[in-house]
Amino acid sequence: MKNVLVVIALMFSFFASKAQMKIDSIALNKQRNVPVTQFGVASFYADKFEGQRTCTDVVFTQKKLTAACNTLPLNCWIKVTNLRNKKSVMVKVNDRMHPSNPRLIDMSKAAALALGYTGHGLTKVKIEYLGKNKPDDEEIAGNN
């Protein structure tokens, strides 16, 4: 009887953790779920990429609030917070970085300016998945 209770308790904790994972993660593809909130290092695009096409076939410009990320779905919206100064900005993920790039996210210069790290080149960030739907313009404008 004691063994049955242990097995039931283990099964309950397994299924509870799976349910929690579904709440705290999103499907990047059929094989992999990724966390809704992630921490890492952000950089910003070099000027040489201005005018080039992203992998979503959009022409890149430093003036738009966009980003490249290898760990989140394309065409989703995210909130990026600079952990040094607590400034935040909402951007659209419309590109991928080189697979060997160790950073979490690469942002347009407009997004990097909004976060206040263009003088440093890199900063520690928190990114939060917001979904595929574009946030309201008031939300985007009132980012900080």
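A disulfide is taken here as a pair of cysteine sulfur atoms within 2.5 Å. The structure is a predicted model, in which local features need pLDDT of at least 70 and side-chain atom pairs count only at pLDDT 80 or more, while totals for chains, interfaces and linings use all residues. Residues are numbered from 1 along each chain as its sequence is written, and side-chain values use heavy atoms, with hydrogens and water left out.

A search of the whole structure returned 0 disulfides. For Cys76, the closest cysteine sulfur is that of Cys69, at 7.4 Å, which is too far for a bond. Cys76 is buried, with a relative accessible area of 0%, whereas Cys55 is partly exposed at 45% (buried, under 20% relative accessible area; exposed, over 50%; partly exposed, in between; 1.4 Å probe, protein chains only).

Aromatic pairs were assigned to rings of Phe, Tyr and Trp (its six-membered ring) with centres within 6.5 Å; planes under 30 degrees apart count as stacked, over 60 as edge-to-face and the rest as tilted. The whole structure contains 3 such pairs. The ring centres of Phe44 and Tyr117 are 5.9 Å apart and the planes lie at 65°, so this pair is edge-to-face. Because Phe44 belongs to strand E3 (residues 37-44) and Tyr117 to the loop between helix H2 (109-115) and strand E8 (123-131), the pair ties together parts 73 residues apart in sequence. Helices (H or I, at least four residues) and strands (E, at least two) are DSSP runs, numbered from the N terminus. Phe44 is partly exposed, at 21% relative accessible area, and Tyr117 is buried, at 0%. Ring pairs also link Tyr45, Phe49 and Phe60 into a cluster.
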